[in-house]
Amino acid sequence: MSTAIVWFRRDLRLADNPALEAAVRAHDRVIAAYVHAPEEEGAWTPGAASRWWLHHSLMALEASLVKHGGHLHVVAGPTLASLRDLIGASGATAVYFNRLYEPRIVRRDKVVRRALEQDGVAVASFNAALWCEPWDVETKQGGPYKVFTPFWRHLRTRIDGAEPLPVPSRLSFADVGAGGASDAIDDLSLLPTRDWARGFSIWHPGEAGAWEMLSLFADDALAHYAESRDLPARHGTSRLSPHLHWGEISPVQVAAYLREQAARQRNAADIEPYLRQLGWREFGHHLLYHFPKTPTESFNPAFNGFQWAERDAHALRRWKQGRTGIPIVDAGMRELWATGWMHNRVRMLVASLLTKNLRQHWVLGEKWFWDTLVDADLANNAMGWQWVAGSGADAAPYFRIFNPVTQSEKFDPEGAYIRRWVPELADAPGRLVHAPWEDETFLARSGYPRPMVDLKTSREAALGAYQALREKRDAARN
Ligand code: FAD
């Protein structure tokens, strides 16, 4: 009887799980294992919102394994020692896992793999998170893409044939012998100790929750995605980001399902704008893999000389608390705190206020998002922040500074999103919901704060800093 360990990480699903599929095919019995070793992820150990998600996602995976006659073997790391213990206790001869692309994890996985192979254990890894591996996508000249559109044009030609795997039909689980006791998921202490995550009950972490979300999106929003995806008051996007991050569903599964739904409704073109967004996710992973410093260093080295303002603890606190006095920004920051998620358009606006009007370094915002987003993802978060800050690969030009008032009027015309998240402005008349400071009497009555920064002068100051950066660069060239 041969036994293999399936080492679950951020692939917390049974369907379309190539490591599980291969282990089941090649061995009589499998052990489903999760090793908790956040310290091995360096500075980017999962934040509080991510830990909340992970707790519930592990519970969901455990429940579905139990339905199939197994269970999830949970242990606290370090990873190599834990896997060795498990191999010793169970007599397993092989370890199967799906690959991740964060630099520290790539390095850790190489060490674990080499050590296990030296022990005589077979190790096999697979791609379960992306359409294409980052090293498998190259420009015509060779080397990684740095611009999204040609990256996507290339990737788009390679995704149509991908078919997801079903849940393996013959799942048979091995007992881990004595000496290989499993911890309880509760023992990992992933849940917050204070009552902050109450609003997270809108989420259903786990594979079944991911499919619920996907089918809701296909039924209600897919056909209007191109027009609605920028409107934060609508449920116009899929909200699959945390499910994708934890690998409860794969892009291959999402695309196959939507293709089928769209074909049924004879509207195949509807899925293109959505697939393109999934393409941004792949681009983020491509960049992180090839340029592993992007979470902390400006992708565009010219930005190393940028005059960021001194770290301003007071301003940062007001931004985090959603008390900047700019309604669309505060609505976003409060949505984030309450639900662990924020609409993409609003993420861009809050990031722009922080990095441009307040000229705080983008890493400060990135860290807050890292701790509070249920979809916190090193690749996407770094790309998003660098895109807004203007320092990233294929980023928004620095001089294009969002005006949060005109953006708010355009994308939340009735102020429905603001009214939902900023109760002080719930009954603001007309345009005042976007710019309450335009009526002193109303502002005083509402209890809503005055803007912490003048949008016009701070914009000019940011442009001045950018101009200085260009002059420095030009002088260095001459
Ligand atoms: P949908 O519109 O339904 O898109 C489907 C999927 O495509 C998403 O689930 C996501 O996986 C991917 N996607 C969509 N837009 C982007 C994008 N711009 N970049 C990368 N992938 C994208 N996304 C994260 O998953 N984790 C993060 O930590 C993160 N941080 C961000 C920080 C900033 C400053 C910005 C501007 C964006 C960030 N994003 C991040 C990207 C984007 O905001 C979210 O992926 C999106 O809002 C998730 O909602 P959704 O699932 O409804 O998206």
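**A tour of ring pairs**

Select Tyr398 first: this residue is buried, with a relative accessible area of 2% (buried means under 20%, exposed over 50%, partly exposed in between, using a 1.4 Å probe and protein chains only). The model is predicted, so local features need pLDDT of at least 70 and side-chain atom pairs pLDDT 80 or more, while totals for chains, interfaces and linings use all residues. Residues are numbered from 1 along each chain as its sequence is written, and side-chain values use heavy atoms, without hydrogens and water.

The ring centres of Phe303 and Tyr398 are 6.0 Å apart and the planes stand at 45°, so the pair is tilted. Rings of Phe, Tyr and Trp (its six-membered ring) pair if their centres lie within 6.5 Å; planes under 30 degrees apart are stacked, over 60 edge-to-face, and the rest tilted.

Stay at Tyr398 and show Lys356, which lies over the ring face, 4.7 Å from the ring centre. For a charge to sit over a ring, NZ of Lys or CZ of Arg must be within 6 Å of the ring centre and within 35 degrees of the ring normal. Now go to Trp7: the charged end of Arg9 sits over this ring, 4.3 Å from its centre.

The count of aromatic pairs comes to 35. One of them joins Trp211 and Tyr257, edge-to-face, at 5.6 Å centre to centre and 85° between the planes. Trp211 is partly exposed, at 29%, whereas Tyr257 is buried, at 18%.

Last, select Trp52, Trp53, Trp196, Phe200, Trp203, Trp337, Trp341 and Trp368, which ring pairs link into a cluster.
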